[in-house]
Amino acid sequence: MRAAREVRLMQPRPARFLEGSPSGVTGHWAAWIEELALRPENRGALAHLEVLPARPARFGALSLPLPPSLSEALSARGIERLYTHQVQAIEALRGGLDTVVVTGTASGKSLCYHVPVMERLLTERGATALYLFPTKALAQDQLKSVARLASGHPDVLKAVTAGVYDGDTPPATRRRLRDTGNLILSNPDMLHQGILPYHPKWARFLRSLRYVVVDEIHAYRGIFGSHVANVLRRLERVVRHVGGEFRVVMCSATIRNPQELAEALTGRAMTVVDDDGAPRGEKHFVFWDPPYTDLTHVERRSSNVEGAGLLTSLIERGAQALVFTKSRVSAELVYRYARERLERIQPGLGEAIKPYRGGYLPEERRRIEQALFSGALRGVVSTNALELGVDIGGLDAVVMIGAPPTLASLWQQAGRAGRRAGRPDAEAAGGVDAGRAEGAPALAVLVAYNDTVDQYLMRHPEYFFGRSPEAAVVDPRNPYILAQQLACAAYELPLTPADEAVFGPQTPAILAALEEAGETRTIDGHTYWAKTDFPAATVGLRTISDNTYTIMDATRGNAVIGTVDAISALELVYPEAIYLHEGETWFVKRLDLEQKTALVEPRVVDYYTQPVLDTNIRVRRELQAKTWRGERVVLGELTYSWQTVAMKKVQFHSLDAIGYHPLDLPRLTLETTGFWLAPGEAAWNAVARRGLNPVEGLMGARNLFITLLAMLSMCDPADLGGKIDSSNLGRPALFMFDRYPGGLGFCEQGWTRLDELAQAALEHLEACECEGGCPACVGLPTLWPAQQQDPDLQQGREIPGKEAARTLLRHWRGDGDR
């Protein structure tokens, strides 16, 4: 995606623009950015400006018209014509082709499945459809979209009986949907634990199932995606058992390998629809780097404060804006700072913005979504909770404080900006009135943190604008995951030799292991679940904790104000912490580890708190050892642990710590498997005699190993961990481990294929054109253990030395000092 014009502005020069106009680009955003950049206090802040040109809408026509009632329902929402990708998707599904739609944010992807599903429900009596979303919020949001479309004509409304079926659905509603519903909106977790194990009760629905919709498939990667792929195979197996047959339609944001991912998730051949016909207005993409605070060029201005200032200015200009942050505490801080500024400008103006994040009660989040969609709110400060496709309408501007972990996420967040003319209903669905490219330009601003990846992007914007988004990888045949999923499948229906075609060639060997463990029993070629327990209940699809702490207001009869997952609770609501909720400060009186509750009370203070974490890795047992390239490399069992050992008080509007307080909280542990090696004297000297730091070389090798092992073992980099530690072996050692209880064999593959891994790492390093190291080679993985820390306080992290890593890898390959 290249710009029509671009200006790269390198510090510390004042901003300059090209061409004849004052800003060199059209539109009011460029003039506003120019004004900000030319202020003395912002000298050098504008690192880059990229203009993405407008694109007009392109429409198509269906070979056969839609049922009149459905056409009228679409017209009632302002949709008279369909975009090219919508037509192509509908035609493919009509033709019996499993389809994956890959188009930009706000391009009307949901209409690609709403239309064929409603067409089938209107024309085939008793037909059913299942929609799956990665989050509960998305299911609720799409239920509103279904209701809006169906309400456009009484015949459509009569034909559709839709509802959300998830963990929050009341029992009476669950029974009604199961018995009479024909369009169920759910998530893979509920399908796994709440529908498939009880499939006899769902026989009516499953026998008539015609469409399975899987939206936001770019979210299904790594361990989660590998589990979901097997859940979808279990669904197909059960549906065939009851005599049903369905087509699959998937939707994805832009990723590098949509067809490969869709086919890995389903086990089916997929037709790709990626001819995006939706209009796009001009977009101004700004890279904003907070200036240094002094001449030492070490610390920069707070990125949170900078982002709050940008949001305030946007609200002043009458824009509707969304701010993305990287943690819950950051969202609360930016909201608080922006609200204070707006109140100083005009009392009551602070009510025009709200924060949005996980941990708020569902009804709070729905109110904020609706207020943003309707225009009642002018701004929202969010975590990535609003990154996925919850419909919040078109926005004038998006401010991203800190780069997300992937380029795909960065494009997804930036894609939220782009106000579209026309009716709000049409905006939600796509179509002729859903937008026009000649509207006002949209604005996307990336505000950098003072860390490695963000600063690299500021210096090398072509890394972002010139690269394809990352590939999403799953491995449904991972033997550890497949063993759990086959146990669930055996509980649902006896497994037969024919199921090898469904689950893969290693199925017989895994079933033999399950039988040896006493979990299954084979009789006359049919493998049955042999225990009385319920296997799906103990198999989680995601790596995060299912346990939740409840946060209660001690001054209002312990009224619930929020929730937090069990891992984050020890980083967020420890005793005497300041918990931020809607920008207000709450003092944590007590954390009850047994009842999983946190008791808080309102308290006015001028600081917030941050956890101080200690991480540790311990060798439990060696399983195998070998000599590799002169090094002893061990595969074994490890315990990775982390603990909140203290809290730090940080003054608002600054990065200054004003106090520390020790804490006594339990240590969290991950019992897993991995491999480790401690470079010997020869490897150490090979790096040191070149005047390089061997520890930096080891850190660079760790980062490369995480990146490349993820590719070799078909997992996500987030599924792997790496740590440099001296306490186990008495000298610096590299530890690689699976971020999953018990391990999933990723690092076992790394141990087995170490030659291949090291060679791939060296080739990847040497193919990178950077000089001293960059996020594309030695600096990519984010390894900070805390989930709830403010990234603003992590200033000064450096990318490991590229040459040190190269020297170490070459030594291992036997290239000496070349």
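**Note on the nonpolar cores and aromatic pairs**

1. In this predicted model, F285 is in contact with H48, L49, E50, L52, M400, W411, A414, A444, F464 and F465, its neighbours within four places in sequence being left aside. F285 is buried, because its relative accessibility is 0% and the limit for that class is under 20%.

2. F285 also belongs to the largest nonpolar core, which has 118 residues. Together with F675 and F705, F285 is listed among the residues with the most contacts inside that core. Helix α24, spanning residues 694–712, gives the most to this core, with 8 residues. A second, separate core has 47 residues, including V305, L333, V447 and L793.

3. Aromatic pairs number 24 in the structure. The rings of F285 and F287 have centres 5.9 Å apart and planes at 70°; the pair is therefore edge-to-face, the cut-off being over 60 degrees. F287 is likewise buried, with a relative accessible area of 0%. For Y640 and W642 the ring centres are 5.8 Å apart and the planes stand at 35°, so this pair is tilted. Both Y640 and W642 are buried.

4. Ring pairs join F285, F287, W411, F464 and F465 into a cluster.

5. R336 lies over the face of F652, at 4.1 Å from the ring centre. K626 lies over the face of W751, with 4.5 Å to the ring centre.

6. The count of disulfides is 0. Among the cysteines, C488 is buried at 2% relative accessible area, and C747 is buried at 0% relative accessibility.

Conventions
Residues numbered from 1 in each chain as written. Predicted model: local features only at pLDDT ≥ 70, side-chain atom pairs only at ≥ 80, totals over all residues. Heavy atoms only, no water. Core = buried A, V, L, I, M, F, W, Y, C linked by side-chain atoms within 4.5 Å. Buried < 20%, exposed > 50% of the residue type's maximum accessible area, 1.4 Å probe, protein only. Helix = DSSP H or I, 4+ residues; strand = E, 2+ residues; numbered from the N terminus. Contact = heavy atoms within 4.5 Å. Disulfide = S-S within 2.5 Å. Phe/Tyr/Trp six-rings, centres within 6.5 Å; stacked < 30°, edge-to-face > 60°. Lys NZ or Arg CZ within 6 Å of the ring centre and 35° of its normal.
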